[in-house]
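Subject: Handing over the structure

Hello,

Here is the structure I promised to pass on. Please open it first, then read my notes below.

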Amino acid sequence: MASPCSSLSPPEVPMQLHVINREKLVKSLQQHLADSGRPIQGLVLLQGGEEKTRYCTDHSELFRQESYFAYLFGVREPGFYGAIDVATGKSILFAPRLPKEYAVWMGDIKPQSYFMECYMVNLVSYVDEMEEVLVSQYDGEDKCVLYLLHGLNTDSGNFSKPAEFKGIENFETDLSTLHPILTECRVLKSKLELDVIQYANDISSEAHVEVMRNTKVGMKEYQMESLFLHHTYMYGGCRHCSYTCICATGENSSVLHYGHAAAPNERTFMDGDMALLDMGAEYHFYGSDITCSFPVNGKFTADQRLIYNAVLDAHNSVIAAMRPGVSWLNMHKLAEKIILDGLKKGNIITGDIDDMMSQRLGAVFMPHGLGHLLGIDTHDPGGYPKGLERPKEPGLKSLRTARELKEDMVITVEPGCYFISALLIPAMENSDTSKFFNPDTIRRFMVFGGVRIESDVHVTSTGCKNMTNVPRETWEIEAVMAGGKWPPEKGLYYSDNGFGNPHS
Ligand SMILES: [Mn+2]
């Protein structure tokens, strides 16, 4: 699908990706059972997602597969179950038995052989035959053990739902073994997973540039959202987003989760506003999570440049320091320190940076965490494995992970600096922190909103690779908004001495 509007086209994702994911789980589970002196037998059983209707109506909401099920089986249809034999690695899919009328309203009923080939599993059967098939597949001693998925999502506080089916009472069930092991498998990405995340980044990066280029004073925030959705779907084949688009301008850019139903990206933005656009497309279950901040009129003011460069400096310094073994908690603190330093240079705050750090002043300007694991979920699980406590201090407690970096993690780097009255006013009144604020300057910034810069970063054996490719330097943004190409034409680059003029 060659197009003048995009250099990309949707790739075919090899189902081998999920075969490898299953092999990885079987290996880890076997190792765990051997280490704890338990027999290597039983079956992993997961229940896929179900289609939902809108309240009491028959309107079907667009289905998206449950993430753990997607990880292991890559199945895009609702109503499936999947099993994996722990001893042999043999995989079985159970398809829902569809009524004859399905063929009239929904399309052909696919035979079992279709699913077997499409999803590269060893056996396909129907959900209503599950009990007898599971019993017949199992050749261990004693009662067959089913390893079911039950465990806490440390971001939402919700628990994953263990599989249920008619006849489950005839099996022994284990609810505690699978979840931590499967979650840990998802933390480190395979080459094939990285390829899909890279594609989601490529199409989303391109769409961000497209939005930037078409932003004009007087537009509505949802028009930027619409441009993004159109580009990633029309040229990228992305039917889903990783999350609801945040398209905040002006003061709204300090509302961290703007864009929800009560604040639906509908402001008309004006000359002099900053935009903060947090948008990421999803492709074959794997997502991206990218934020760009820029002046809607295409030209940074001195104040905008000051805040923007403080955040960019934090973003770049963290990426420069990232490699296996580095503590994410320390990266968060590094980002805070650089942002505070930038604000101090701009005369917004004053005093000793270490003193500010010990008073947790960084959390007043960046109340969220520096970044989170990314994969099939935007906030991919595994941020707090057993034994790792969530920090309690302001700012640090918002971190979705406090782990040490490992090779093949994908993690977002998203420092931000916001002027949020609900945090600033109490901090300016607090006797421990009031001394840091320069009241004359800060008044000017109370309606500034905020800046966030977010990239998706792959941790490699020696450092890391930024998977996101959008204009980041102020002069790059200004050049692209003035019509310059992104990436710049071969052999050329944008620089700050002459905006829009590439220098060789
Ligand atoms: Mn994010």
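Does Asn265 count as buried or exposed, going by its C-beta neighbours inside 10 Å? Asn265 has 22 such neighbours, and the cut-off for buried is 20 or more, so Asn265 counts as buried. Keep in mind that this is a predicted model.

Most residues other than glycine have a negative phi, and most peptide bonds are trans.

Phe285 is another such case. Its phi is positive at about 75°, and Phe285 is not a glycine. Look for Phe285 in the loop between strand S10 (281-283) and strand S11 (286-287). Phe285 counts as buried because it has 23 C-beta neighbours inside 10 Å.

Then there is a cis peptide bond. It joins Trp486 and Pro487, with omega at about -10°. Pro487 belongs to the segment after H15.

Ala482 also lies in the segment after helix H15 (474-481). Ala482 has 14 other C-beta atoms within 10 Å, so it is partly exposed. Its C-alpha is 9.2 Å from that of Lys299, although 183 residues separate Ala482 and Lys299 in sequence.

**The two domains**

The protein chain is split into domain 1 (15-187) and domain 2 (191-482). Their C-alpha centres are 36 Å apart. Contact between them involves 16 residues of domain 1 and 18 residues of domain 2. On the domain 1 side, H1, H2 and H6 each supply at least two of the touching residues. H6 gives the most, with five residues. By class, that side of domain 1 has six nonpolar, six polar and four charged residues.

H1 covers residues 16-35. At 1.5 Å a residue, its 20 residues should span 28 Å, and the end C-alpha atoms are 28 Å apart, so the two agree. Which residues of H1 are buried? They are Leu17, His18, Asn21, Arg22, Leu25, Val26 and Leu29. An α-helix has 3.6 residues a turn, so residues three or four places apart point the same way.

The cover over the buried residues of H1 includes helix H2 (67-73), strand S2 (81-85) and strand S3 (91-95). Helix H6 (178-187) and helix H7 (191-214) are also part of that cover. Just after H1, Gly37 takes a positive phi of about 65°.

S3 is mostly covered, with five of its five residues buried. In a regular strand the side chains alternate between the two faces of the sheet. Both faces of S3 are covered. Ser91, Leu93 and Ala95 are buried on one side, and Ile92 and Phe94 on the other.

S2 and S3 run antiparallel and are joined by four bridges.

Three bridges join strand S16 (residues 455-459) to S17. Val459 has Cys464 in S17 as its bridge partner.

H9 has 20 residues and reaches 28 Å from its first C-alpha to its last, close to the 28 Å expected. The buried residues of H9 include Gln304, Leu306, Ile307, Tyr308 and Ala310. Val311, Leu312, Ala314, His315 and Val318 of H9 are buried too.

Over to you.

Methods
Residues are numbered from 1 along each chain as its sequence is written. This is a predicted model: local features need pLDDT of at least 70, side-chain atom pairs count only at pLDDT 80 or more; totals for chains, interfaces and linings use all residues. The expected span of a helix is 1.5 Å times one less than its number of residues. A residue is buried if 20 or more other C-beta atoms lie within 10 Å of its own, exposed if 12 or fewer, and partly exposed in between; C-beta atoms are placed from the backbone. Two residues are in contact if their C-beta atoms, placed from the backbone, lie within 7 Å. Domain bounds come from an automatic or database domain assignment. Ala, Val, Leu, Ile, Met, Phe, Trp, Tyr, Cys and Pro count as nonpolar, Asp, Glu, Lys and Arg as charged, and the others, Gly among them, as polar. Two strands pair if DSSP finds at least two bridges between them.
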